Amino acid sequence: MKLQDDGSGTHVADSLFPSREERSRADSLLAELLDSSLERVGAGPVTPTIDMDRFRDELARFDFAVPRPLQEIAGWVCRQLEDGVVHITHPRYFGLFNPAPSFPALCADRIAAAFNPQLATWTTSPVAVEIEQHVIRAVGRQAGLDGNAAGCFTTGGAEANYTALLAALTAASPDFARAGARAFAGPPTFYISSEAHLTWKKAAHQSGIGRDAARLVATDGTGRIDVRNLTDQIEGDRARGMLPVMVVATAGTTGAGMIDPLIACAEVASRVGLWYHVDAAWGGGAIASDRLRPLLAGMDRADSVTIDAHKWFATTMGCGMFITTRPQVLATAFATTTSYMPSQLTGRDPYTASVQWSRRFVGLRLFLSLAAGGWAAYAAHTERAVALIERLNTRLTEVGWAAINSSPLAVLCIEPPAGSAPIEAIVRYVLKSGRAWVSVAETEGRKVLRACVTHGRTGPTDIDALAALLIEASRLAQDAAPR
Ligand SMILES: *Cc1c(COP(=O)(O)O)cnc(C)c1O
């Protein structure tokens with residue numbers, strides 16, 4: 001192809017790499033577009049209303065043969081999203097920990113995208129790498145981990161948990177990196193409660209030790225791991241020739257927000273010599289608050305923790321953290337040498353100590369949010385969410401509903417009074433109304449209605465509206481059946 005670099009102002013790739021003037025014009029239009037879009041979202045239904053047939057027809061017309069103006073397409077995409085997703089930015093979204101993102105996190109996303117630094121190596125992006133490491137150390141300290149704690153930002157809790165498993169396997173046998181599961185004289189196993197997140201099953205699969213290696217320990221009737229069962233299962237497995245490598249405690253189960261007995265689990269892990277991981281993907285937000293932090297006592301004894309910034313810390317999606325007091329294990333687990341990378345600074349270059357290679361500067365979101373609000377802003381954010389859930393609990397239990405979980409965090413699992421519509425029908429009614437988003441969850445084998453405060457601007461009025469809607473649904477939902 002012929003190169004056109006004649007300064008004439010037209011270039012075949014202008015649509016991809018427009019001029020500065022063009023960019024800033026498009027930027028301000030986009031800002032307005034998003035503003036009005038999100039305003040409509042806040043005033044409209046939480047749940048999708050889109051006609052998917054119409055949408056698919058329009059989508060199919062994008063055959064990418066004829067270029068179209070960016071502004072027009074961006075407008076089209078926003079309109080489809082307005083009607084075509086569950087709105088986690090809606091104050092009446094009471095869902096699965098997905099937050100309305102903090103404004104500093106949104107700003108950080110813009111900055112990271114604009115510079116697009118490569119975080120594989122320190123050499124190429126020293127400032128970005130050190131900002132992330134600074135945040136990881138600060139979060140580690142706030143979680144009570146010792147001063148050597150280090151780690152990395154991840155795409156989320158799933159990757160952080162996977163990292164924990166690889167670290168535990170590597171700590172148990174340094175030969176694991178080379179020989180995989182063959183490094184062990186028997187099948188390696190690790191221990192999670194039956195209420196733990198299923199990312200652990202995937203992690204077991206990914207690591208090559210197989211899903212059966214994730215041993216489910218029965219809970220105590222309140223949704224917390226039963227420590228006697230834990231000890232018995234580890235001993236039994238050992239007697240059968242298995243090789244336990246890790247105990248995982250969950251600090252804030254996904255369904256019911258229950259916190260495993262973290263101190264007792266730490267003691268079991270240390271007595272039997274296993275890696276101790278605390279999965280606080282969501283509940284970890286509680287470290288920000290002096291009032292809530294004591295709930296996580298025992299987390300300070302962990303070899304590693306998972307905390308998602310994209311849950312209670314309200315950053316944009318794709319921002320988890322893995323933090324460990326034994327970072328040298330990561331260097332063993334992820335050691336790599338190549339000729340084409342600009343450096344191989346073990347312990348300093350993220351690609352030599354983490355799962356990913358090319359990596360986005362995601363940690364900036366938490367850095368900017370923490371720097372702009374301080375821990376105090378997150379303390380207020382988390383305490384407020386807990387208070388709102390207590391209010392919902394009161395509103396519903398005073399009319400005969402029964403709380404099923406006793407979580408001190410911001411999630412309520414509840415059942416309607418006898419004779420009400422079944423829980424699935426209530427949830428369907430709520431979602432169909434578009435007036436809120438809640439879900440059906442199962443805790444200890446029991447179906448419950450689950451509501452969690454995730455939005456920083458959800459208020460008492462939203463809670464009272466949700467309570468009224470749930471009561472209405474429990475009476476009016478179709479296919480009501482006696483329970
Ligand atoms: C959400 C969650 C995960 C999974 O994290 P992702 O960020 O969705 O990958 C793991 N464990 C717990 C306890 C969670 O709440």
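Which element gives the most to the shell around the ligand? Helix α6 does, with three residues, and the tour returns to that helix below.

Before selecting anything, note that this is a predicted model, in which local features need pLDDT of at least 70 and side-chain atom pairs count only at pLDDT 80 or more, while totals for chains, interfaces and linings use all residues. Residues are numbered from 1 along each chain as its sequence is written, and side-chain values use heavy atoms, with hydrogens and water left out.

**The seven-stranded sheet**

Start with the open sheet of seven strands, ordered β1-β7-β6-β5-β4-β2-β3 with mixed pairing; strands are DSSP runs of E with at least two residues, helices are runs of H or I with at least four, and both are numbered from the N terminus, while two strands pair if DSSP finds at least two bridges between them. At the edges, each pairing on one side only, are β1 (150-154) and β3 (214-217), and from one strand to the next the twist averages 20°.

Next select residues 275-279 and 304-308, strands β5 and β6, which run parallel and are joined by three bridges. Asp 279 has Thr 306 in β6 as its bridge partner.

Helix α5 (residues 126-142) lies across β1, β6 and β7 (320-324), at about 110° to β1. Helix α6 (residues 157-172) lies across β1, β2 (188-193), β4 (243-250), β5, β6 and β7, and runs at about 175° to β5.

**The ligand**

Centre the view on the ligand, which has 15 residues around it, Gly 157, Asp 279, Asp 308, His 310 and Lys 311 coming nearest; a residue counts here if one of its heavy atoms lies within 4 Å. Show the side chain of Asp 279, where an N or O atom is 2.7 Å from a nitrogen atom of the ligand. In the side chain of His 310, an N or O atom is 2.7 Å from a ligand oxygen atom, and for Thr 254 the corresponding distance to a ligand oxygen atom is 3.2 Å.

**The four-stranded sheet**

Finally, move to the open sheet of four strands, ordered β8-β9-β11-β10 with antiparallel pairing, whose edge strands are β8 (402-403) and β10 (439-443). Five bridges link β10 to β11 (residues 446-452), and the bridge partner of Ser 439 in β11 is Arg 450. Helix α12 (residues 364-397) packs on this sheet, touching β8, β9 (411-415) and β11, with its direction at about 15° to that of β9.

Notes: Axes fitted to C-alpha atoms, helices over the stretch in contact; angles between N-to-C directions. Contact = heavy atoms within 4.5 Å. Polar contact = N/O pair within 3.5 Å; in protein donor to acceptor, adjacent residues only side chain to side chain.
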